[in-house]
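Dear colleague,

My notes on it follow directly after.

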Amino acid sequence: MTVTVSASGLTLRYGGTAALDEVTLRLTEGVTGLLGPNGAGKTTLLRVLATAVPPDRGAFSVLGHDPSTTAGRQNVRRALGYLPQNPGFHPDFTAFEFVDYVAILKEMTDRGARHREVRRILDAVDLSEVRGRRIKRLSGGMRQRVALAAALVGDPGFLVLDEPTVGLDPEQRMRFRELIAQAGEGRTVLLSTHQTEDVAMLCHRVIVMAQGRLRFEGTPAELTAQAAGRVWSSAERDPAARAGWRTGLGTFRNVGDPPEGADLLEPTLEDGYLLTLDDASAEVAA
Amino acid sequence: MSAIEVVERAATADGPAAPAPRRAAAVLALARFEARELLRFVPVFSFLLLYIGYTAWQLYSEGDGMGAYPVLQDVDRGTQTGPVLLGIALLVCVNRAAVRSRRNGTDRHDGILPMEPWRRTVAHVLSVVPYAALTALVVAVEFTWAALKPGASGHGSFFELAVGPLCVLLAGVAGVLLARLIPSFFAAPLVVIGGYVLLVLAAVNLDGSHGARWLLPAVTEAGAGPLPSDLLGRPAAWHALYLTGLIILVACGAVLLSGARTRTALAVTALALAVTVTGAVGQAPGDSAALKAARAEASVHPERVQSCSVHGTSTYCAFPEWTGRTADWAAAADRVRRLAGGAAGGTRLTVRQRVEARYGPEGDAAIAPLTGPGQVSAGTEWGGDRNVQFAVGVASVLVAGDERAGSEVCDARVVTIMWLALGAEPDPLARLRGARLDDSVEGDAIALTPVASVAMTAGQTDVVRQLLRQPRYGVIAKVKAHWTELTSPRTPLARVAQLLGVKAPTTGEDNGETCDQ
Amino acid sequence: MRPVTSERRPKPYAVIRALLRPLWRTLPRPALAAAGGLGLLLAGLPRLLSGAPDPWLCLNLLRAAGLCLALGLAFLFDDPARHTTAPVPVRRPLRGALRLALAVPVAALCWTAALLLVPGQARPPVGAVTLEAAATAALALAGASAAVRCTDGTRPGAAVAAGLTAVAVTVPTLLLPQRWALLVAVGDQRWADAHGRWAGLLVVAVAVVALCAPEPLRRGSVLRPRPRGTAPTTA
């Protein structure tokens, strides 16, 4: 697979804290998930890759363009779709007008072609029914889809999505997954999320960040494998476990280093993620 | 304050949803929170700092020497302008805080919270109270600082001091009312500008109308100089009552607009309206006949209300609030007299304090010079340049015989007058600068006395400046030796320069015949 | 597959033409309209008052009208969608310039109307008052521009307007020393000097607007602590 986005040694500090600390990564076509706790630097990484913030140090390239030069940055932006964490809207615009506005900002000037494209995108995100309605009259899920449409318009080669499924109901989330999976066909998508199911279902690669550093890079199966042999069930809370909770069956599901002869369970992606983070913080503490 | 009573009474009247104390406590907690939030607005924070810093700096810097001799019935009024800055910042920012939830679209969510909108309005009103209290503290420090100075004179008024904090409170409350009337961020700045313009318009157009002018929040009348406190004729107490009523009225308006149309709220509003109207009516009548008579007496026949004391050979008469000042006058007059020669050194002076009170505290009318021999006028201000002005007045009487004649001197005697006034000063050139209206030490200018002025030509200024640079005792001897010639109106400037041993001005403009200019 | 690739590098004027309409709709028109309306009302006051118009009053009413217009312009760079439109090829300076190009003529028209509303015999020197108004407006724009560049907020206009109001009604009248006076009467000997200072202010303010026009490189917490949840560092 060809590498479409690559970065090396990205570092960015806000005051005394390093939001990004020597981040090196490569992205390929398809959906890459970005997991991490709050404050791990996910949004900062996305903003750097979206050319919204330059890094203090390090270099990266997107689709063969170097964003450190003005011309390169413009070229990146022409090929970029960005859905920020808190997308803002002009509340008096209709959904169509807003996406059309963003399309103009993406330098699509042929009116006919642009309107066709906006209609196509609104159709794709299932908003064609309400495209004439003002954004202030749309529901939260619909607004989120307007924001996704604004990111998708112009058929960008690199799509940066910052927690797009936050606040959506399960059905809307399913719909969103479908959209993102579609978008990932023939494109590079970087998806930041707190939902491990999203990653398990959508992504062909996953990155875990903590304290501004990459802690894991691999396939979802590899992340799940991090927890192989480290999840077990017991009748009582096991004090040795790093995390444990009572399940609906009445037994305890424990994650950590199991005692001898424990009743091992099949790990999930979430188990792998938790253990990766736990190992990372243990490493920092040590 | 009374606004808290509104909360408590309204809360009890409102029903048994929660025990009244707890409902009131919640409002107070929110008010505390909002007060803290207000401090995070840049305008409030910076103008609070500016107000405190500016006041502190003024207390420290002492002004131009007059700060050591404050007149308390003017100091109290002087505390009313400073809080304007803070008031405007509070108006705008309280307004922003009060429309915040509407702006951020959380009002639909807030609507289901147990604290009703009107109680939140009350909390916004109360959030201004700490700032008013802080203003009161600054005002109190400002006044106490002045009152504790050894040179302080006169009496302050509590009600004048209350106006500053009340204005701050009024501005904040107006911001809340505005938020309830026009729930938009850009209303407050525009209303401030519009209101400012209206106030300026009102100040211009209502110049004559006493009752209408006192409807403005702060009426700072500044005139030529301080008057005795009993002649001010300012309805300060009525005005404080009016402001208090207005604050409660505006607060009640905001509370009513946010939906608390209970009987208690309406009753409090009616009461506040009554208080406001009472205050407005009470302050409306202009100066009474008795006050006018007292002012006329103090202006025309001050001797009837003054008490006199004798220092050395001279008599010093002052209004009751300034009797402690006569020793300062005596010291200044003696310094001048010691430099004079001939009979002038032994002249019996009668120094009389004079005011022009007939036009009220804003009056700017000149006081006519006295005509009796040896009579000198003193003002109600003292310190810094006022001392020099007094010295020039004394010197002009010593040289010309009486005050009227002294004010008409325009020949070379000006040199003698100015040297007598300044010769004994430790830094005479700086004092010369202070004595002249345009703060210059070159060219022609006017030098003031308490009731008149002395016109100095460029040539006379030149000679005076040379004299002041020479060793004092040499000049004293020359002045005393040539006193008769120096005090003669016919002596030309060149001759005066020659007598005093300095270079005559080369411009040739001055030859004693300058009175026609 | 990529239907729009062919027009990826359009001519700039095509973008500008396409942008004008949506940008006109993103302008804070209520604020501008309210400001313009109040400004015209103030300038029209002398005609409503009986008696001969007072030149001093007219001068200050015009100044107040100019300040109102400036307060409206303080909202010009408010853009609730700024985070959504941060990394797009059409750069912020161009968008800002277009916003200015749309709003400034309207404001200028409004100002001309205000000037004409003041009775001719009491009208102060038009050039000088216009300089004052332009400098005030430029200060408002500089404030808004700097707020966008230095903070993360989407709508800094209200804060800028509040600050400008507080500064305008206090600093020139109460805090500036006499020799730096800005608000002088017609015929005052400091008139020329004061307008030199106004011109200086205008130049500085325009420079600030220009300097702050590009997309902020780094939104530091320069002015006030960032509200939780919107900080760019939290992921």
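Predicted model: local features only at pLDDT ≥ 70, side-chain atom pairs only at ≥ 80, totals over all residues.

I begin with chain A. For its 286 residues, a compact globule would have a radius of gyration near 19 Å; chain A has 21 Å, which agrees. The C-alpha trace of chain A extends over about 70 × 45 × 35 Å along its principal axes. Its secondary structure consists of nine helices and 13 strands. Of the 286 residues in chain A, 50% are buried. Among the contacts in chain A with a separation of 6 or more, 66% join residues 24 or more positions apart.

Chain A also meets chain C. This contact involves 47 residues from chain A and 33 residues from chain C. On the chain C side, the residues that touch chain A comprise 19 nonpolar, eight polar and six charged.

Turning to chain B, the domain assignment divides the chain into domain 1, residues 27–286, and domain 2, residues 307–500. The centres of these two domains of chain B, taken over C-alpha atoms, are 45 Å apart. Between them, 24 residues of domain 1 of chain B are in contact with 21 residues of domain 2 of chain B. The side of domain 1 of chain B that touches domain 2 of chain B is made up of eleven nonpolar, ten polar and three charged residues.

With kind regards

How values were computed
Residues numbered from 1 in each chain as written. Chains lettered and ligands numbered in written order. Domains from an automatic or database assignment. Contact = placed C-beta atoms within 7 Å. Nonpolar A, V, L, I, M, F, W, Y, C, P; charged D, E, K, R; others polar. Helix = DSSP H or I, 4+ residues; strand = E, 2+ residues; numbered from the N terminus. Rg over C-alpha atoms; globule rule 2.2 N^0.38 Å. Buried ≥ 20, exposed ≤ 12 C-beta atoms within 10 Å, placed from the backbone.
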